[in-house]
Amino acid sequence: MTLVHELPKDQAKVEYQQQYTDAVANNPEIGNHLSKVAYEDLTPLHLLPLLAKMPPSDQEMLKLPPQPERLVVTHVPVSPVCIRPSVQIGDAGTQEDDLSVQTSDIVATNNNIKATLSRGGTLKQVAEQWQWLSAQVALMMNSEATGLAAAAPTTKPIRSICSRLKGKEGRFRGNLSGKRVNFSGRTVISPDPNLEVTEVIIPQYSAMKLTFPEVVCRTNIDMLRDRVIRGTEGHPGAHIIRLKSGGVKNLAFIKKQIREELAADLQYGDVVERHLQDGDVVLFNRQPSLHKMSIMAHRAKVMPWRTFRFNECVCSPYNADFDGDEMNIHLPQTQEARAEALALMGVQNNLITSKNGEPIVAATQDFLTSAWLLTQRDTFLTKDKIANIAMYFGKAAESLELPPPTVMKPVQLWTGKQLISLMLRPSHKSTVLVNLEMPEKNFSHGDPYFCRNDGYVIFYNSELIAGNLGKKILGGSKPGLTFVLIRDNSPAVAAACLGRLSKLSARWLGTRGMSFGIDDVTASPEIEAFKKEQVAEKYAYVDEKIEEYKQGKLPLKPGCDAEQTLEAVINGELGKIRNSVGDRLEKVLPRFNKPRIMAQCGSKGSPINLSQMIVCLGQQNVGGQRIQNGFVNRTLPHFKKFSKTPQSRGFVEDSFFSGLNPFEYFFHTMGGREGLVDTAVKTAETGYMQRKLIKALEDLGLKYDMTVRTSDGTVVQFVFGDDGLNPAMMEGKSKPLNFEHTMNHVQHVVEKHHSNEVALLPSEYRSLTNQLIQQVDQEVKSICPLTSLDTSRFTGDLTEFIGDMATEMEKERAKVGLAVDERSPNDARERTLCDLSCALTEAQLRSFMTTCARKYRRALMEPGEAVGATSAQSIGEPATQMTLKTFHFAGVASMNVTLGVPRIKEIINAAKTISTPIISCKLEQDRVEAAAFMVKSKIQRTVLGDICEYIKQVYEPSGVYLIVKLCGETLRRMQLDLTMDELKEALCAKGALPGGLKIRPECIESRGKLKLAIRPAGAVDSRGRTLPPNPETLWFEVQALRNALPQAPVKGLKQCSRVVVNKEEAKDGTNDTIYSLLVEGYGLQDVMGIEGVVAEKTVSNHVLEVQSVLGIEAARKSIMSEIDVIMKHFGMSVDYRHIQMLGDCMTYRGETLGINRFGISKMSNSTMMLASFEKTSDFLFEAAVFNRPDPVVGVSESIIMGNPVHLGTGLFKLMYDVPKEEINEGMSRRQPLLAAGAGKDNHGAGHKRKRN
């Protein structure tokens, strides 16, 4: 590659051409090859003096660095030996690194040039060697650059400097952003329910390899002496002693006698690197680390064998199972690191996920089964059994108080529910109080207190009154038992309760037994008969629809043809068989049936799994459709051609118990294969998407003024989530408090103790509430003095809740005949009102307000929180559980919309073209079907072929033309308001016909209401007159026109390829049908302008089109709503604050930026951050050429440089400004630092706080 320069069109060009005057005179052919414009080659020798003489003003204008002549390579640095080591290859010697070989080639070529110049070589020889030298230098820099193939020594590119920097294994990602570390281990994991959820078992072998440097002090010197004496021979021992005098003693090579002497000589301040021991803080991690709960701090417990073991309740945050998974352990090396790990990463402080505030550490599988069986109504325990089971979960130092027995005679019996109550509150000294009312999965909808299935769970002050405990109560739901323990008590209490439950469940279920036999999956005659009845009924229905399809009488679904309608109907009906049989199984299977128990309690499986095992596998789908033809016009050779029967399209009538026939087995494997491929592809897609999200949002943090800013101080949100609340602390759905639950808890805890205590009057409710709310508001605002938090929503909801209770109390007083705002002290009716749920004493109301204030304070987001990274994790982690399929939209079978991972990719990449653009239109006359079809005809692009009955060729002596006959029935059915004049105008419009064909108005003649005669257009002369067609080409022109006319658009918008009328039931209690339009295609602005469309309620799922039409705020709203739709479709709950953060990050610069390298480069100017993401060498070269500084304030840059990250505990700095008089005083009398500020006001001049 050679740089050339065009000479200026002046004297230089004339001089250049004069150089060839003699040559042209002797050889005229040279003149033909001379370019009209003169060029000259720009060699480095020519460029170097030009760049050296460039004035600073030109450098600034061209954005070049000072001394731009340094951009020309004059010296090549030799890489250090450590990055190009030699590799020993057995006895054959060594193999040198590619950089060493390339450097030697450069030196050799340089010496060759020097030798050629010294012996007077030709110019051609020097030029060739010089060009070769340039290629070798470029090859060493970047072996993958274009144009260097000829200079490469082999076909395989060498490992150049650029290739060592980029990629997953390169310097940035492999050695700077992430590093291999010491004091870590990795092995297989296995479960142990006897552990607390905060513990992890470390194999003794690993514990003897991992060490912690402990400083000798008065409290640990005896322990450390014991470790030193034991040395490296046993556990717990020690490896190294680092004396404060500077010496180092390696105990691995020292005899026991000398170790005893060293132990005796230990002094305060020495450091002993001892073995990992019980109680040490370790970091436990499983990859892929998709969210912050993928690495948490546990307390170590050293035991034999070779696997890491932990409680199964902690599987969910790690997404771990025990089929061979491996996990990593890291041992923090300082006391500060241990303290931070426990406080920020401890398991008990991460029981709740930041994604939506639900518990992520909760009971699972066997624990749920055990609790379900234990809390059945017919589970009774004798005294010896309940005492024995209580010791399962009790600790040696813990006192347990058995409750009174439920049954006294003929023998004392306790229920399993009492055992759960004992587990929650072992003795009266315990302050753990749980109040909860919630339906379980088996709740029979009716009066909750008289559920025949015992499916309504009631906890009253930690006593289980009624209900079976299943997944809804013990699992990770909100509000379940774990969640209530965390919110109303503490995370430590919840962690302890989970530990007790796991020990109890594992041991009791092992003693009781939970065996799974062949009789559990044997279908009863009743079920077999029900299945045959269902299958026969659906088969008859399907045969009826197939017959209607063949006869052309099948009613079409909106936007579908007959084939699509038939497939949608059959697939829907056959899919109901498996569901109905599964629901029936849950009712008729015996209570002691093991699969039914597991499905009901939620430990494993569902009614569909029951149906597949026992009765019927059901319809197999691939890509959301029935099995398609794999052979010619049939799925398998077993069936007739064109067959659409259930068996021929993948319906499996048999079960796993009865066995499948060959073609059923084949169809079943097709569905399974789709799942495997989907999982494999999805893993790579979601991993890359997660990395992009993290890179884009990692710098966003909450500052002390409660704003969300980037690392360079740019404001992204003025208040996080508009309210400054932490999503992890929400009790309701995105709300900080569940007032009903809090009031219920307060009423049970703060009981009406005194006999003379009466309920407040409704007016006292309101007056006392107003007084207390002002105090709550002031207290909350005092926490964040640097910003004005808007608490109006919280206080308004709180006032409304108490107001509703006051209104209800007014009604109750009126019912019993008492005055609304006047108390009757001696009236017995006043006492009866105290038992109502709406009755409150002053103590209860004050306690309720205090509890609400405390919970709201705890829900406020703390400054320093990495809100960007948390939001990225909360969106990226659920995406790993989505599928890659396309689903139907809003019940309309033909309107497919992309969902799942591909749709999220489109949104976060801000794609210009998306796979399924859909505009949803609300109509002005939304209850009139005819009006909907009229608006549809105005929007949908209608071509002549859609409304044309025929197009005939007519050959007459007068000429040749085409007759176009419109179909009147089609026009009426499509509600198409089209006149002949409009049709002529549409056909004559520019670009109406494909292939560049044109029709002039004078060539179209009307032949009645529904007929047109169209003649081929002849040529036009210079005067604008139309000439007759050429007879030789006339036939071809007629044929071309006949083929093009059916594609000519005659009505609607060009970009709107299809419009479907969607029908929904009205939600206002009437039986009306609401009609709306779903437009497939682009053109939002045109659709909004169509008469009959409500423009304000017309939305598009294409973000960039929304921005171009409605602006950046609408685009932000569109991003948030589209992400929310995807999450809800898959049943995933993500707090709206995280989705809002993503929308703000993509739009805060005034344009919609994609989360990719183009968008991220506009969000951040940091070269190191961009280089650590993608295109490493490009960003580095660009930064070097344009002299771009990097302030090193972001997360990626700080990690690369080894600096503390300016988030979390690294956000603030404390500086002490010592007054001069104290300095002078300190010169004469040494004074401790703390004493220097004694007696001073904390807000005085002696203290300053600096915030970054």
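**A tour of the aromatic rings**

Start by selecting Phe-639 and Phe-667: both of these residues are buried. Keep in mind that you're looking at a predicted model.

Now zoom out for the whole view. The protein chain holds 47 helices and 40 strands, and its C-alpha trace spans about 120 × 95 × 70 Å along the principal axes. Of its 1252 residues, 45% are buried.

Back to rings: there are 15 aromatic pairs to find. Select Tyr-539 and Phe-651 next. Their ring centres lie 5.9 Å apart with the planes at 75°, over the 60 degrees needed, so this pair is edge-to-face. Tyr-539 and Phe-651 are both buried.

Return to Phe-639 and Phe-667, and turn the view until you can compare the ring planes. This aromatic pair is stacked, at 6.3 Å centre to centre and 15° between the planes. Phe-639 sits in the loop between strand S22 (625-626) and S23, while Phe-667 belongs to helix H25 (residues 662-697), 28 residues apart.

Next, select Phe-284, Phe-308, Phe-310, Tyr-318 and Phe-322 together: ring pairs link them into a cluster.

Last stop, charges over rings. Which ring does Arg-584 lie over? Show Phe-530: Arg-584 is over its face, 4.5 Å from the ring centre. Then move to Tyr-950, where the charged end of Lys-952 sits over the ring, 4.4 Å from its centre.

How values were computed. Residues are numbered from 1 along each chain as its sequence is written. This is a predicted model: local features need pLDDT of at least 70, side-chain atom pairs count only at pLDDT 80 or more; totals for chains, interfaces and linings use all residues. Side-chain values use heavy atoms; hydrogens and water are left out. Helices (H or I, at least four residues) and strands (E, at least two) are DSSP runs, numbered from the N terminus. Buried means under 20% relative accessible area, exposed over 50%, partly exposed in between (1.4 Å probe, protein chains only). Rings of Phe, Tyr and Trp (its six-membered ring) pair if their centres lie within 6.5 Å; planes under 30 degrees apart count as stacked, over 60 as edge-to-face and the rest as tilted. A charge sits over a ring if NZ of Lys or CZ of Arg is within 6 Å of the ring centre and within 35 degrees of the ring normal.
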